[in-house]
Amino acid sequence: MKDAMKFDRLLKETLEDIHEEDHVGGNMDTPLRSDAFALSDSEKIESIEKDVARILETLGMDLTDDSLRGTPKRVAKMFINEIFGGLHPDKKPSASTFDNKYKYGEMLVEKNITLYSTCEHHLLPIVGKAHVAYISNGTVVGLSKMNRLVDYFAKRPQVQERLTLQVVNALQEVLNTQDVACVIDAKHLCVNARGIRDIDSSTVTAEFGGAFKNPDVKKEFLGYLKLDTSF
Ligand SMILES: [Zn+2]
């Protein structure tokens, strides 16, 4: 009986720990530790270089071979500067570059935004298209800002559902309106190239904020996307 109570308490504590780890800053946010940026980028590159070398060594690769010699450093730099380069909040496209000079009040759709991300469960690529729309309440953004925002949130270990929400949320904040939507259609190499190896399947996620919850508005948005037969 005592043991059972002890077990329950331990279980409860463990679940609370997991809960806290998973929900740093709310569950829409990428789960980062509070010391995530304690190391500089160059310190991280140095550390990851050793880690990658160790993985390759464990696999039995000869790192003195010309072809492999540069791989650990190359991968480390790619992680920090490129594919996971969107983790640091400083890299977020700045809000000050969003201007407010037009009076366009209809739906604006930026479609077929090329998306490269990385699945955080397997560290394999996610490749696809993002389609973003908003209805201005007076504020507008430069069109490329939507591409940059997608790219910023894509450059981190990701899950597609979270990426979709993060894009919508960031635009809602910048545009000061709930009327923002995002549809992402992407291939996950962890599904296409390994495991079930379904090369043709893709994953579609969508988030419809504010007016986009209205079936007519949603239909208008999705109608624009259907103009492109590749969607
Ligand atoms: Zn995966």
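**Figure 1. Helix H5 across the sheet.** In this predicted model, helix H5 (residues 143-154) lies across S1, strand S2 (125-135) and S3, and runs at about 25° to S1. Helices (H or I, at least four residues) and strands (E, at least two) are DSSP runs numbered from the N terminus; axes are lines fitted to C-alpha atoms, for helices over the stretch in contact, and angles run from 0 to 180 degrees between N-to-C directions. Helix H6 (residues 160-175) also packs on the sheet, touching S1, S2, S3, strand S4 (180-188) and S5, and its direction makes about 155° with that of S4. Contact between two residues requires that their C-beta atoms, placed from the backbone, lie within 7 Å. Residues are numbered from 1 along each chain as its sequence is written. Because the model is predicted, local features need pLDDT of at least 70 and side-chain atom pairs count only at pLDDT 80 or more, whereas totals for chains, interfaces and linings use all residues.

**Figure 2. Burial along H5.** The 12 residues of H5 reach 18 Å from the first C-alpha to the last, close to the 16 Å expected at 1.5 Å a residue; the expected span is 1.5 Å times one less than the number of residues. Buried positions of H5 include Lys145, Met146, Leu149 and Val150, and their cover includes S1, S2, S3 and H6. A residue is buried if 20 or more other C-beta atoms lie within 10 Å of its own, exposed if 12 or fewer, and partly exposed in between, with C-beta atoms placed from the backbone. Asparagine 147, also found in H5, is partly exposed because 18 other C-beta atoms lie within 10 Å. Asparagine 147 and isoleucine 113 are 34 residues apart in sequence, yet 6.0 Å apart in space, C-alpha to C-alpha.

**Figure 3. The five-stranded sheet.** The open sheet of 5 strands has the order S3-S1-S2-S4-S5, with mixed pairing. Its edge strands, S3 (157-158) and S5 (203-208), each pair on one side only. Two strands pair if DSSP finds at least two bridges between them. Strand S1 (residues 107-119) and S3 run parallel, joined by 2 bridges, and cysteine 119 stands opposite glutamine 158 in S3. The antiparallel pairing of S2 with S4 extends over 9 bridges, while S4 and S5 pair in the antiparallel sense over 6 bridges. In the latter pair, isoleucine 184 has threonine 205 of S5 as its bridge partner.

**Figure 4. Alanine 181 and the largest nonpolar core.** A nonpolar core is a set of buried Ala, Val, Leu, Ile, Met, Phe, Trp, Tyr and Cys residues joined through C-beta atoms within 7 Å. Of the 32 residues in the largest one, Val132, Val150, Val167, Leu171 and Ala181 touch the most other members. S1, S2, H5, H6 and S4 each supply at least two residues of this core, and its largest share, 7 residues, comes from H6. Alanine 181 stands in S4, opposite alanine 133. Not counting residues up to four places away in sequence, alanine 181 touches Ala133, Val168, Glu207, Phe208, Gly209, Phe212 and Phe221. S4 is mostly covered, with 7 of its 9 residues buried.

Figure 5. Glutamate 106 is found in the loop between helix H4 (71-83) and S1. It counts as exposed because it has 8 C-beta neighbours inside 10 Å. Glutamate 106 and asparagine 137 are 31 residues apart in sequence and 9.2 Å apart in space, C-alpha to C-alpha.
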